[in-house]
Amino acid sequence: MSTWPEPYRIKMVEAIRMTPKEERLRLLEKAGYNLFLIPAEAVFVDLLTDSGTGAMSDRQWAAIMRGDESYAQARSWFRFYEVVKGITGMEHVLPTHQGRAAENILFSELSKPGLVIPSNNHFDTTRANVEFFGAEAVDLVVPEGHDIHARLPFKGNMDLGRLEDLLKAKGREKIPVCMLTVTNNTGGGQPVSLENIRGVSALCREHGVPFFLDACRFAENAYFIQQREAACKDMTIPEIARAMFACADGATMSAKKDGLGNIGGFLALRDGALAVRLKNALILREGFPTYGGLAGRDLEALAVGLEEVQDQAYLAARIGQVARFGDALQKNGVPILEPTGGHAVYLDARGAFPHIPAADLPAQSLTVALYAEGGVRGVEIGSFMFGKKGHDGEFVPAAMELVRLAVPRRVYTDNHLGYVAEVAGDIVRDRARFGGFRVVDEPPFLRHFTARLAPLPLSAP
Ligand code: F0G
């Protein structure tokens, strides 16, 4: 079968509006060509992120009504706790308002100057929290993770050789925790194999270093394991998820992804003594430990979402949809990072716009073009986000020039994504019409959120 029919039907719809092109051009100019500054109402298909943008089910909305808003020991807390403990097998669960709050609490205890925290790839907020508390965040993804077109099954894997070298060189005194992001968002939404998770776990155990999963997209990762790892083909998704978490001492989770919620997260762990210390930080930053950063109704909705996300038919439709989106883009002549990841397709802007040098921000140009031409919003992950100034003030480009088109869960149909693929195809065919950009105003850090840009004049053909 070449289609995966969604195992749900649509009970409620939300109108979206295609704005006239002149209006989009005006809005772009007003926003300094930064898509984060465009009003969402003026976006037709919004693929900025898959985080918190999913559609909740009728069962989740019904659960919202059952929310128990008692301050302490609410019924909703026990419901949430049992589901999270069932998936992770971890005794201690700290609910937070989203993933970065879980990271902040964890690293406020574990990250200190002089220490090193490895991962396959730290997500931006993970890296920022590690570095805020003083440790160095090191990325040790396998080399093929940097190869845009290598069609390999587990490009999110940790490089076990480099991890072992680091563990030997630094030891448990200098490495307070090892992280592993599943799936690897920064590396293109690529999965990590169960074999690799077990390998990381064994090395960490051998060296006495705690091992934590960044589990935002654990169910999507489990699906890839089932489909691509021969030894796991007969396991169910809940079995694979449990096997993944069984390797770890703890996990941080943004439940805005595979929690199928619009807000929420948690920190789960086995170490009771560490849990006590983290709970003190939780009370200070988020709230009392049985609600943390969430309302009772959020806990209820997430408890249902965390179960629904492990449904085989749901995952086949979800991952299938993203894969078909990637195929449609390629059929339209748009180069992408291969193979297609779990939650997003990453356009290769270097391949799409070879006439724009890295210093003129080709991935930002493609991002702007997608909005100008079709009302489509994606996010630049290239030299606008990661480009730097070297020691002599020279421009140091990002390793890759990508545009991420993240697919919200249960929100858009294949028709929406087919439309996006056509818009992108037309842009790439007509590439000479699109020129570079320069930054005209930027804040001191995380510039991509607020910086303003200006188009460079098109050079004569
Ligand atoms: N870890 C990973 C792998 C993520 O992708 C994210 C968020 C976080 C942690 C932080 O979670 O947003 O709930 O605080 N990623 C979103 C994205 C923002 O668009 O990829 P949060």
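Q: In β8, which residue is the bridge partner of T96?
A: This is a predicted model, in which local features need pLDDT of at least 70, side-chain atom pairs count only at pLDDT 80 or more, and totals for chains, interfaces and linings use all residues. Residues are numbered from 1 along each chain as its sequence is written, and side-chain values use heavy atoms, with hydrogens and water left out. Strands β2 and β8 pair in the antiparallel sense over five bridges; strands are DSSP runs of E of at least two residues, helices runs of H or I of at least four, both numbered from the N terminus, and two strands pair if DSSP finds at least two bridges between them. Within β8, the bridge partner of T96 is G265.

Q: In what order do the five strands of the open sheet lie?
A: The pairing in this sheet is mixed. Strands β6 and β7 run parallel, joined by three bridges, whereas β7 and β8 run antiparallel, joined by five bridges. The edge strands, each pairing on one side only, are β2 (92-96) and β5 (178-181). The order is β2-β8-β7-β6-β5.

Q: How many of the five residues of β7 are buried?
A: Buried means under 20% relative accessible area, exposed over 50%, and partly exposed in between (1.4 Å probe, protein chains only). On one side of β7, G250, T252 and S254 are buried, and on the other A251 and M253 are too. The number of buried residues in β7 (residues 250-254) is five.

Q: Is α4 parallel or oblique to α10?
A: Helix α4 (residues 99-110) and helix α10 (residues 272-285) pack at about 125°, their axes 9 Å apart; axes are lines fitted to C-alpha atoms, for helices over the stretch in contact, and angles run from 0 to 180 degrees between N-to-C directions. Angles under 35 degrees count as roughly parallel, over 145 as roughly antiparallel, 65 to 115 as roughly perpendicular and the rest as oblique. The angle therefore makes α4, relative to α10, oblique.

Q: Is T367 buried or exposed?
A: T367 is found in helix α14 (residues 362-374). Leaving aside neighbours within four places in sequence, T367 is in contact (heavy atoms within 4.5 Å) with L35, G378, V379, E380 and V403. Because its relative accessibility is 1%, T367 counts as buried.
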